[in-house]
Amino acid sequence: MCREGPFRTKLVWFDFILDYYVSHTYLLYTVAFILNLPLMENEGTPAKLWGGRFQEGVSKISETISESISFDKVIYKQDIRASIAHARMLSRQKIVADDVIDKIVKGLGQIEGEIDQGKMNFDPALEDIHTHIEKRLVEIIGEEGKFLHTGRSRNDQVAVDTHLFLKENIVEQKELMIALLERLLQLAKDNAGTIWAGYTHTQIAQPVLLSHYLMSYFWMFQRDYNLLDFSLAETDTSPLGAAAMAGANYPIDREFVAKELGFSKVYNNSMDAVSTRDYQLSYHFFTVRLYLHISRMCEDFILYNSTEFSYISMGDSVTTGSSIMPQKKNPDIAELLRGKTGRVSGNMNALLVNLKGLPLTYNRDLQEDKIYLFDTVRQSALGILGMKEIISNVTFHPEKVVKNLRKGFAQATEIADYLVSDYKVPFRVAHEMSGKAVVFCEKEGKYLDELTQTDIESIWGAEYSLPEGMLKLENCIDRKQGTGCTSNKSVQEQFAKAEKILEAMKTEI
């Protein structure tokens, strides 16, 4: 509150009355009315940016519900950056005097430094980060600070802030995704030729290469990268200048502001600009799908790390111990990432429900979007970094895998396909014949690759035989044909494609 000018004496008396009757709200309003002073909104709470229309202050519970400073203070840099660009446009368009804008820009720079140093006291009564910054600006440079909000609304202001915040984080996360993909590709290359087990229904299915298994996740994460890139394109649009929803009553230059802020374009419709949250939905979906893939890989590793499987060992840096059982080495990081899938899915669902049925244009419901967005952005980064850490600290044990492949009769399909190709047996008949071979092995305690000619004749008859070494696991793998299969040749082709894609990604960044 200003304490200079002709009302100074009145204000001194009012302060005395305020202190004495601090709990008597209605008496305060009466005194303020008699003295012709601005009405206080509550017991000493600051005036709102929108207070001119109101004669009574909001209740404490309304203030608590309304405030967003507890979470939107994280976008102070984006708010200041957008405010500076807006101010420069006001000067450029001769809407506000140059000397005033110079003071505003200098003041905003000071405020950013103060917040950086933790010197700003955040007050829920001031609702949001925009009000805190504007109030502090007026404290620093005086009434001229109130020119800053010319030609804009908090509606397009918060929209541009979240666009900037998300865009900056997407750019950073694209680099994180590239690092994850590079590490995964290198892990696959390091294990080229290693035999691994393919599963369906959590049952041994067919032998594959470990590198093929790892590359399956490479391609999943590569598609996630593409989706992140799409999210960036959607976010690369400036809503500033749309004002409340109809545009501004000044000759503003939205394209200039967009260029200043690094946006490639502006929204074509002011109503759409302040009300859309499509850019956030796209990012939420990216994160949910990313975590679905992370969760599946973590689930694999959690199973493979168990004593029953013993396919892998997870390093100390990504495991923890038990408070009671000394022998335990728990895959907690993988479990936590798996659990975060529900968290980010909940954030996306919350925004979907929030948006469902909202009339145009801006509605206060949209204040909640930042809670979901800020958390999801953080969880995305944690997921990418966590997954990279896990795959950087894993040791594979293929000998146990090979044992289970033989025990699980993983070569059964090879037998059926051989009978089709070499004996021209219809596949359904060949399938049944191969099944009988499995039953024989189960009864005799043998593996399929241990079948003798005598065994084969007793199962199918003397006219059938299997080539020597046909059922060796490495031969089964290299017999596969077609783009994207598990053969060594095909996996090498995957490596080459992946390298080209990563090079293109890095060039683009």
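Buried means under 20% relative accessible area, exposed means over 50%, and partly exposed lies in between, with a 1.4 Å probe and protein chains only. By that rule, buried residues make up 49% of the 509 residues in the protein. This is a predicted model, in which local features need pLDDT of at least 70, side-chain atom pairs count only at pLDDT 80 or more, and totals for chains, interfaces and linings use all residues. Residues are numbered from 1 along each chain as its sequence is written, and side-chain values use heavy atoms, with hydrogens and water left out.

**The whole chain**

Show the protein as a cartoon: there are 20 helices and 6 strands. Helices (H or I, at least four residues) and strands (E, at least two) are DSSP runs, numbered from the N terminus. Contact, here and below, means heavy atoms within 4.5 Å. Among contacts between residues at least 6 apart in sequence, 73% join residues at least 24 apart.

**Stop 1: helices H5 and H7**

Select residues 76-92 for helix H5 and residues 129-141 for helix H7; their axes come within 10 Å and cross at roughly 55°. Axes are lines fitted to C-alpha atoms, for helices over the stretch in contact, and angles run from 0 to 180 degrees between N-to-C directions. Angles under 35 degrees count as roughly parallel, over 145 as roughly antiparallel, 65 to 115 as roughly perpendicular and the rest as oblique. H5 and H7 are therefore oblique to each other.

H5 passes H7 in a right-handed crossing. A crossing is right-handed if the near helix is turned clockwise from the far one by less than a right angle, and left-handed if anticlockwise. Show the side chains of Tyr-76, Asp-79 and Ile-80 on H5 and of Ile-129, His-130 and Ile-133 on H7, which make the contact. By class they divide into 4 nonpolar, 1 polar and 1 charged. Ala, Val, Leu, Ile, Met, Phe, Trp, Tyr, Cys and Pro count as nonpolar, Asp, Glu, Lys and Arg as charged, and the others, Gly among them, as polar.

**Stop 2: His-201**

Go to His-201, in the loop between strand S1 (195-200) and strand S2 (203-209). The phi of His-201 is near 55°, a positive value in a residue other than glycine. His-201 is exposed, with a relative accessible area of 75%.

**Stop 3**

Select residues 210-235, which form helix H9. The expected span of a helix is 1.5 Å times one less than its number of residues. For the 26 residues of H9 this should give 38 Å, and the end C-alpha atoms are 38 Å apart, which agrees. Of those 26 residues, 19 are buried, so H9 is largely enclosed by the rest of the structure.

Within H9, pick His-212. At 18% relative accessibility, His-212 counts as buried. Which residues does His-212 contact, leaving aside its neighbours within four places in sequence? They are Gly-484, Cys-485, Thr-486, Val-491 and Gln-494. Draw a C-alpha to C-alpha distance from His-212 to Thr-486: the two are 274 residues apart in sequence and 5.7 Å apart in space.

**Stop 4: Ala-243**

Move to Ala-243, in the loop between strand S3 (237-238) and helix H10 (254-260). Ala-243 has a positive phi of about 60° although it is not a glycine. At 8% relative accessibility, Ala-243 counts as buried.

**Stop 5**

Select helix H12 (residues 278-304) together with H13; their axes come within 8 Å and cross at roughly 155°. H12 and H13 are therefore roughly antiparallel to each other. Their crossing is left-handed. By class, the contact of H12 with H13 has 15 nonpolar, 7 polar and 4 charged residues.

H13 passes H14 in a left-handed crossing. The residues making the contact include Ile-333, Leu-337 and Val-344 of H13 and Tyr-372, Leu-382 and Met-387 of H14. This contact divides into 10 nonpolar, 6 polar and 4 charged residues.

**Stop 6: Thr-361**

Finish at Thr-361, in the loop between H13 (332-355) and H14 (369-391). The peptide bond from Leu-360 to Thr-361 is cis, with omega near 5°. Is Thr-361 buried or exposed? At 11% relative accessibility, Thr-361 counts as buried. Not counting residues up to four places away in sequence, Thr-361 touches Ala-244, Met-245, Met-271, Val-274 and Ser-275.
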